[in-house]
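Have the viewer open as you go.

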Amino acid sequence: VSTQSTWDVFQVANHHSQETIDGLNLFVYGISAKASENEVRALFASFGAVRSLRLEVHSSTGRRKNFGYVCFYHALDARCAQATLNRYMFHGKRLDVSFYIPRSH
């Protein structure tokens, strides 16, 4: 594969680089209560360094909700994780992974 064609592939992968403010944040829905925080982090870390992971918790019950947020250090890692893990079966549940877009946008 020539350098030019590799660059072309990279450009196609970056086509949606402005889907969020920085392209680093993912919204993840469908996280099984059976999955530990470490397991979720390891799943996403297989695509690159994870800056932060936040699994939402009900304030009244303390039980975890079925969604969370993953922030990567590099946008390309986030795009690869989103493309690969969207509709991925994890602990018996299908994950829906999308880029996080703040409500103000």
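A residue counts as buried when its relative accessible area is under 20%, and as partly exposed between that and 50%. Keep in mind that this is a predicted model.

**Exercise 1.** Work out which residues of helix H2 are buried and where they sit around the axis.

*Solution.* Start with the list: in H2 (residues 37–45), the buried ones are Val 40, Leu 43 and Phe 44. Next, look down the axis: they span an arc of only 90 degrees, so they lie on the same side of H2.

**Exercise 2.** Find what Val 40 touches, skipping residues up to four places away in sequence.

*Solution.* Its contacts are Ile 31, Ala 35, Leu 53, Leu 55 and Phe 90. Now zoom out: the largest nonpolar core has 19 residues, and Val 40 is among those with the most contacts inside it, along with Leu 26, Phe 44 and Phe 72. At least two residues of this core come from each of S1, H2, S2, S3, H3 and S6.

**Exercise 3.** Classify the ring pairs that Tyr 69 makes with Phe 27 and Phe 67.

*Solution.* Take Phe 27 first: the centres are 5.5 Å apart and the planes sit at 55 degrees, so this pair is tilted. With Phe 67, the figures are 6.2 Å and 85 degrees, an edge-to-face pair. Finally, check burial: Phe 67 and Tyr 69 are both buried, while Phe 27, at 24% relative accessibility, is partly exposed.

Note on methods. Residues numbered from 1 in each chain as written. Predicted model: local features only at pLDDT ≥ 70, side-chain atom pairs only at ≥ 80, totals over all residues. Heavy atoms only, no water. Buried < 20%, exposed > 50% of the residue type's maximum accessible area, 1.4 Å probe, protein only. Helix = DSSP H or I, 4+ residues; strand = E, 2+ residues; numbered from the N terminus. Arc of directions from axis to C-beta. Core = buried A, V, L, I, M, F, W, Y, C linked by side-chain atoms within 4.5 Å. Contact = heavy atoms within 4.5 Å. Phe/Tyr/Trp six-rings, centres within 6.5 Å; stacked < 30°, edge-to-face > 60°.
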